[in-house]
Structure formats: C-alpha cells, structure tokens
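Colleague: Before I use this model, I would like to know what stands behind the labels attached to it.

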Amino acid sequence: MRRVTRWIVRGLLIALVLLVLAGVGAWIWQRGSLATLEGELTLKGLTAPVEVRFDANAIPTIKAESEADALFALGFLHAQERLFQMDFTRRLGAGRLSEVAGAATLRLDKVMRTLGLRRVAEANLAALSPAGRAALEAYSAGVNAYISQHEGPWPAEFYALGYDPEPWTPADSLVWGRLMALQLSGNYSEEILRARLAQSLSPEELKQLYPAYPADAPIATQDLAALDRRGVLRDLATALPWDLGPKDASNTWSVSAARSSTGGVLLANDPHLSLQAPGYWYLARIETPEMTLAGATAPGVPYMVIGRNATLAWSFTTTHSDTQDLFIETVDPNDPNSYLTREGPRPFKTRQEVIKIAGGDAETITVRETYHGPVMSDAVEDSQALLGAGKVLALAWPALLQDDRSGDALYKLNRAESVQQGLAALRDLGAPQQTMILADTQGHMTLVAPGRVPIRASGDGLLPVEGADGKHDWVGWIPYEDLPRLADPPSGLLVAANNKQVPDDYPYLIAAEWNLASRAQRIAEVLKSQQTWSPDDMRRLQMDSLSIGARALLPRLLPAVQGKPEAEAALALLRDWDFVMDRDKAAPLIYSAWVRALERRLLADQIPAELLANLLVGDEMRLRALLEPGSLYCDDKATPAVEDCDAMVGLALDDALAELVRLYGEEPAKWLWGKAHTAIFEHPVFGFIPVIEGMTSYQVQTDGGQDTVNRGGSNFAAPAPEAYRHRHGPTLRVVYDLADLDRSTFTIATGQSGNLLSAHYGDFAQRWADGVAVVLVGGATDGGTLLRLTPAP
C-alpha cells in the first residue's frame with residue numbers, strides 16, 4: 001500500500017512539474033506577442049525611414065518625413081499594442097461578435113446589425129475629402145503591415161477565442177466614431193423608460209420623479225461674471241447633482257491668459273467613460289516637417305482625438321443634447337410590408353443580415369427601415385413592451401446619416417492653427433454633438449458645441465411620438481452659427497461639465513432636460529475663489545472630490561434621525577465630515593450607503609421592479625425633491641401604516657448601517673470609502689474566468705463619488721459591495737499650457753499596452769488614482785528606447 005501511495009504522490013508531483021513547465025513554456029511563447037520597442041524593423045508600405053522614441057512609459061514620439069508615414073507608423077504602433085482591442089471594437093460595431101464569442105452576444109449583434117453602424121461607416125468613408133480618406137488609408141496600411149509581417153504569436157485573446165485577425169480597412173476606423181456616438185447618445189432609452197413609467201405613475205408622480213433643471217445653476221454659454229451679477233452661482237448649498245448613467249460625464253474648463261500664472265491660456269479636460277482594461281486612450285506625439293501633434297489617440301483611429309498641435313489645443317465633453325427620437329410607426333393594415341405616412345402607405349426598406357455564430361448555426365434577420373430610421377423594436381426587447389398590435393418603433397438619429405463627415409472634422413482640427421480655423425474645421429462634425437473648448441497660443445479661447453441637432457416640427461423629444469401623421473418630423477438642423485458658443489468671456493473663465501448649454505430664451509430646442517450642474521457648479525466655485533491660476537492649480541481641481549450634492553442633502557437627512565443612539569458613532573462621523581469623498585475616510589461610505597438605501601425606500605413600492613434599477617443612481621437632487629412637503633413617495637404603499645419622509649430617512653439609515661456592519665464589521669471608523677470604492681480594471685476576455693481573473697485584472701482604491709469633479713461613478717442598482725465600486729470616471733486627464741505646450745500634462749487610467757504580459761498594461765493606474773501626470777516631451781528620457789522603422793526595398 002505504501003508503494004502505491006508513493007507512486008501516486010510521484011505521479012502527482014510529475015504532473016504538477018509538467019503543468020508548471022507547460023505554463024512557463026506558454027508564458028515564454030506568449031512573450032513573443034509583446035510589442036517591439038527598440039531595434040529596427042523593415043516594413044512594406046513606408047516611403048522613408050521613421051524614428052520612434054519611447055519614453056519610460058512606452059509613450060512614443062514618432063518622427064517622420066511625411067504625414068502619410070507618420071500615420072502609417074501610428075497604425076503600426078496601435079496594432080502591436082492594442083490589436084485585439086481594435087478587432088473587438090470593429091466586431092462590436094459591425095455586429096460580428098457572435099462569430100467568435102458564440103450565442104452569448106447574439107442579441108447585441110442583432111442591435112448592431114439593425115443600427116447598421118458598419119454600413120454607415122462605409123458610406124461616411126465615401127463622403128470624406130480626399131485628404132481625409134488618404135489619412136485613413138495610410139493608417140490602415142500601418143495596421144496591416146503589423147498583421148501581415150508579424151512573426152510571433154498573436155495576443156492570447158485570439159487563441160482563447162480561436163481566430164486570427166483580419167486585415168484592417170479605413171471603414172473600420174470610422175466604426176469607432178459611430179460607436180462613440182452610440183455611447184454618448186442615450187436619449188432613446190430614456191424615452192422608453194419615461195414612457196414605461198408613465199404607464200404606472202400619475203402625471204404628478206412622474207413630475208416629482210424628474211425635477212426641473214434649477215434656475216440658479218450654471219449655463220455653459222453664459223459668462224460666469226454675468227452669472228455672478230445675477231446671483232446664479234450664489235447659495236451653493238442648494239447645488240444639485242446630475243443623474244448617473246452609463247454615458248454621462250466629462251469636464252472641461254479654461255482660464256484666460258490674463259488669469260494664468262504662465263501668461264498663456266490654461267485648458268483642462270477629463271472625459272468620463274466606463275473604466276476598462278485596456279483603456280480607451282493611447283498617448284503619442286507625432287512630429288513631421290509640417291506639424292507637431294501630442295495627446296490622446298484612440299487605437300483604431302488615425303486622429304489626435306484629444307490633444308494639441310503647435311498652436312492650438314482642444315477638449316471634448318458630452319453636450320447631452322436630445323438628438324434621438326423614437327417614432328411609433330403604424331404598419332399598413334392592408335400590407336404588412338408597408339407603414340403609414342401622411343402621404344399614404346410607404347414600403348419598408350428591408351435588408352437581410354446573416355449573423356454567423358461560433359459553435360452554432362448562422363441566424364438570418366430582416367432589418368426594416370422607415371424614412372425616420374431603422375426599426376429598433378425588431379431588435380430591442382424593452383421597446384417592444386410599449387407597442388400594441390400593428391406598431392413598430394423607428395429611431396431617428398443623425399449618427400446614422402450617410403453623409404456624416406466627422407472624420408474630416410477631426411482631421412482638419414488636428415491641422416488648424418488658431419481657434420478660428422478650429423471652428424471652421426468643426427463645421428463638419430455631425431455626431432455625436434460635443435461641447436468643446438478651443439484655445440490657441442494667441443490667447444483666444446472659445447466654448448462651442450458642434451454637431452447636428454434636429455429642429456422638430458413640434459414636440460420636446462421626451463417621449464416616443466406617432467410617426468404616421470408627420471407632426472413631429474425633423475425639418476432641419478440648428479444652423480452651425482446658432483449652436484451654443486461663447487468666446488473670450490470677460491470673466492476669463494469657461495466651464496462645461498454636461499450642464500445646461502443655453503439660457504431659456506435660446507430660440508431652438510437642444511434638450512428638454514439637462515444633466516444637473518453639480519460638477520460645473522463646483523468647478524465654477526473653485527475657479528472663482530482665486531484670481532490667478534497655475535497648471536498645478538488646474539490639476540488639483542481635476543482631483544477635487546468634494547460632493548456639493550452631499551453638502552446640500554445631508555443637512556436635510558441628519559435632523560430626521562436625532563435620538564438614534566445605536567447610530568451615534570456613524571452619525572458623528574457624518575456631522576464632522578467635510579463632504580470630501582476621500583478614500584481614507586469612513587463618512588463617504590456611510591453617506592453613500594444611506595443615499596442608496598433611501599432611494600430604494602422611496603421608490604421600490606411605486607416603481608415597477610423591472611424599471612427600478614434605472615432610477616437607483618444616487619441622485620441627490622431627486623432625493624431632495626422627493627423629501628419635500630407634498631411628496632408622493634414617502635408613504636410606503638406596501639405597509640398599512642402611513643409613513644412620513646422623516647420616517648423613511650430613518651428606516652433607510654437603519655438599512656444602510658445593517659448592510660455596512662454585515663460587510664465591514666462593527667466599527668464605523670473602519671468603514672473606509674476606499675475599501676468599497678475601488679476601480680477594478682477587468683480584462684474583457686480573461687477577467688471573467690474563475691481562477692485566472694485575479695491574474696488578468698488589477699484594481700486601485702480611489703477618491704470621488706457620483707457628483708464630484710473627480711468623478712467616481714458607481715452602479716447603485718448592483719448588490720453591495722459591488723454597488724460602491726468605481727465603474728465610471730475620468731479615463732484621461734489633460735492640462736494644456738498655451739504659453740508652452742510642451743509643458744502640457746497627461747494621465748490615462750490604465751497603460752499604453754493591451755498585452756497582459758507587458759509592464760505597461762496597467763502601470764498608470766495608481767498614478768491616475770493619485771493625480772500624477774506626465775509630459776509628452778518628445779526627447780530621450782531615462783528608461784526610453786529607440787525603434788527605427790525602415791521601408792522595405
């Protein structure tokens with residue numbers, strides 16, 4: 001028996017050794033997929049040698065003799081660091097994920113095929129200028145040089161999903177822009193939500209659920225000096241937070257040269273998106289005899305998306321305009337292949353889409369379109385719940401137009417030499433509408449919101465509307481000259497943070513509802529606190545984590561819970577809190593748990609369960625409105641008793657403290673925000689596989705919250721502790737100094753590489769959490785390397 005046992009043990013040890021050796025072998029083999037950062041490579045398609053100097057963070061400076069070779073090199077660098085990310089993005093936009101991921105992504109593919117983003121991108125390519133198309137072709141050639149000449153293994157994701165990358169095309173790059181437009185345009189889903197809520201709530205209940213934009217909150221195109229005279233920035237205790245959503249948020253502001261310590265305009269920008277690994281951005285500097293560009297590129301795209309050239313810098317934030325409408329179309333009762341219009345029946349445009357499915361049979365769907373747009377109810381289950389017999393929902397959205405020339409807008413913006421030239425370039429921006437600040441070395445700065453915004457024959461865009469009568473049709477676009485704009489204001493300050501763009505007397509409808517003004521209000525408050533600003537001051541403001549929503553709401557909550565000795569330790573922390581969402585403090589977690597519990601207490605008995613998650617967003621402005629006298633939400637309809645608002649506040653505190661005790665123990669002082677508010681950067685393939693998920697993802701504790709300048713958005717609808725996880729926030733931070741653009745600083749949330757084995761896969765994460773930035777100097781640095789790209793003979 002002992003002999004048998006010894007042989008079993010030996011066998012297990014041998015198997016373990018073989019497994020370890022196999023793992024080591026696979027690791028060594030996969031290292032062949034790492035990017036080449038030094039040495040010399042000969043590439044087909046280059047016309048002249050290109051020099052690429054990488055700094056210690058693997059940020060390249062590309063020096064080329066021509067624009068075409070520079071973009072070729074950028075495409076090559078993107079491909080060797082982010083090829084799987086690029087391929088995943090184009091498959092997502094084309095509705096081709098199921099080809100490699102199987103039936104799990106079929107529903108998503110159906111939506112993408114119905115939208116037809118890939119078809120739109122192909123049409124957009126044909127609409128571009130020759131120079132714009134040439135840039136895309138040069139970039140694509142660089143990507144394909146990597147794909148065709150790469151001799152080592154592909155990144156591990158390709159083997160996990162069992163396929164090889166296809167050649168890159170110029171239209172693949174334009175798909176990125178259509179996907180970004182989709183991510184930054186969410187109104188049609190809001191229309192569906194509001195329409196479904198209206199089926200179960202009274203008009204007064206619905207009105208209380210959607211409070212109006214406050215009259216004293218900032219408006220982006222009004223000068224802050226004028227706002228002060230009118231008292232708009234007064235009484236910050238009434239500051240109201242904006243509603244959390246998966247597509248919300250971004251900040252940008254600028255300080256004039258007269259108020260800058262450097263003598264040049266200072267411009268800050270931090271676009272907020274879902275946190276992911278690899279990240280959205282790849283930092284780079286490009287130098288040719290004709291131009292210098294530096295900033296954030298997006299893998300798959302040949303443009304400097306957020307960046308600067310030698311004389312101009314630019315920023316982006318989401319406008320949150322209403323550029324999507326759902327039309328309820330009536331199918332012709334005499335012909336199911338037609339729908340009714342005011343001119344009479346018209347046939348649906350149809351096409352067949354074949355979706356291949358890994359491990360299964362292909363599925364063919366029929367996509368229908370009306371003159372308003374694609375019939376989304378054929379693909380989106382939520383919209384179907386609104387419809388009766390013989391009705392379908394069609395989506396009107398400028399991002400689906402074939403003549404969109406947003407690619408040309410970015411191409412021209414990269415080459416503009418002044419604010420005025422930049423404004424001229426942005427005429428071509430179609431979708432999504434964005435609010436931008438342009439600043440130049442001559443001391444000018446302008447806030448502008450370019451993009452196609454529809455003019456409606458009637459209606460406010462809040463709910464789906466009948467399509468057959470044509471009464472709500474789009475009849476044109478807001479003229480470019482009339483879009484929101486503010487140039488060189490006397491205050492020397494420009495601020496945009498997804499807040500209201502125009503005053504009430506603006507002659508067009510951009511949106512009937514606006515995201516709320518908490519971040520814009522806090523930015524304005526801090527900017528106005530001192531006359532002169534330095535680049536370091538701008539970076540500190542980007543990291544500001546004071547919640548003015550908490551500053552407004554907590555004084556309403558605390559008096560309602562007097563006489564709760566069992567909660568005294570937690571309440572004492574809240575009473576002493578400075579409203580800063582600091583990862584090393586306990587009060588932010590206590591407050592967040594209380595807000596989350598209060599939302600559930602107020603809404604769960606009246607909002608249908610399938611819709612409740614859409615409203616659990618930590619919206620302090622909504623909570624304050626629902627706690628006002630006359631609220632229709634404080635009495636719990638599920639109990640025989642009649643509760644008042646203070647009772648609901650107390651019950652919510654009980655819920656929150658019980659949850660925190662269960663998760664973090666009995667001592668409130670140890671319930672630190674950072675323990676719960678953690679940014680987890682999960683790998684898109686391996687990050688969800690048990691055992692290896694921890695080896696392929698990384699995390700950092702962060703400051704910030706739902707409504708802070710340093711955005712730390714969470715999903716309060718998720719179960720705790722996931723509800724407090726940092727999921728959405730600044731994926732990039734930039735501060736430009738127009739007095740010396742080489743002093744401009746950048747930070748990304750992840751790292752330059754998308755390769756799990758790279759030292760640069762997540763090396764920015766802790767620096768991002770701590771507010772540490774780098775410059776893109778373009779010269780040799782300690783730890784840097786040199787890569788020479790030479791043309792093939």
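Colleague: How do you know how far to trust the coordinates, and what was left out?

Modeller: This is a predicted model, in which local features need pLDDT of at least 70, side-chain atom pairs count only at pLDDT 80 or more, and totals for chains, interfaces and linings use all residues. Residues are numbered from 1 along each chain as its sequence is written, and side-chain values use heavy atoms, with hydrogens and water left out.

Colleague: What is the average pLDDT of the protein chain?

Modeller: pLDDT is the predictor's confidence in each residue, on a scale from 0 to 100. The protein chain averages 90, and 90% of the residues score at least 70. Residues 221–247 have a pLDDT below 50, yet this stretch has 93 contacts in the model beyond near neighbours in sequence; a contact means heavy atoms within 4.5 Å. Where pLDDT is low, the predicted coordinates should not be read in detail.

Colleague: What makes β16 and β20 edge strands?

Modeller: Two strands pair if DSSP finds at least two bridges between them; strands are DSSP runs (E, at least two residues) and helices likewise (H or I, at least four), numbered from the N terminus. The open sheet has 3 strands in the order β16-β11-β20, with mixed pairing. β16 (391–396) and β20 (465–466) each pair on one side only.

Colleague: How many bridges join β11 to β20?

Modeller: There are 2 bridges between β11 (residues 325–330) and β20, and the two strands run parallel. F327 has V465 in β20 as its bridge partner. Helix α9 (residues 187–198) packs on the sheet, touching β11 and β16, and its direction makes about 60° with that of β11. Such angles run from 0 to 180 degrees between N-to-C directions, with axes fitted as lines to C-alpha atoms, for helices over the stretch in contact.

Colleague: Why is T678 called buried?

Modeller: Buried means under 20% relative accessible area, exposed over 50%, and partly exposed in between, with a 1.4 Å probe and protein chains only. T678 has 8% relative accessibility, so T678 counts as buried. T678 is found in strand β24 (residues 678–681). Leaving aside residues up to four places away in sequence, T678 touches Q699, V700, Q701, R725 and H726. Its side chain reaches the backbone oxygen of G674 at 3.0 Å.

Colleague: How do you know that K564 and D654 form a salt bridge?

Modeller: A salt bridge is a side-chain nitrogen of Lys or Arg within 4 Å of a carboxyl oxygen of Asp or Glu. The closest N and O atoms of K564 and D654 are 2.8 Å apart, and the pair forms a salt bridge. K564 lies in the loop between α17 (548–557) and α18 (568–575) and D654 in helix α22 (residues 645–664), so the pair ties together parts that are 90 residues apart in sequence. K564 is buried at 16%, whereas D654 is partly exposed at 32%.

Colleague: Which residue forms a salt bridge with R601?

Modeller: R601 pairs with D655, with the closest N and O atoms 2.7 Å apart. R601 is in helix α19 (residues 587–603) and D655 in helix α22, 54 residues apart. Their relative accessible areas are 26% for R601 and 32% for D655, so each is partly exposed.

Colleague: How many salt bridges does the rule give?

Modeller: The count comes to 53. A network of salt bridges links residues including D87, R90, R91 and R96.

Definitions and conventions. Polar contact = N/O pair within 3.5 Å; in protein donor to acceptor, adjacent residues only side chain to side chain.
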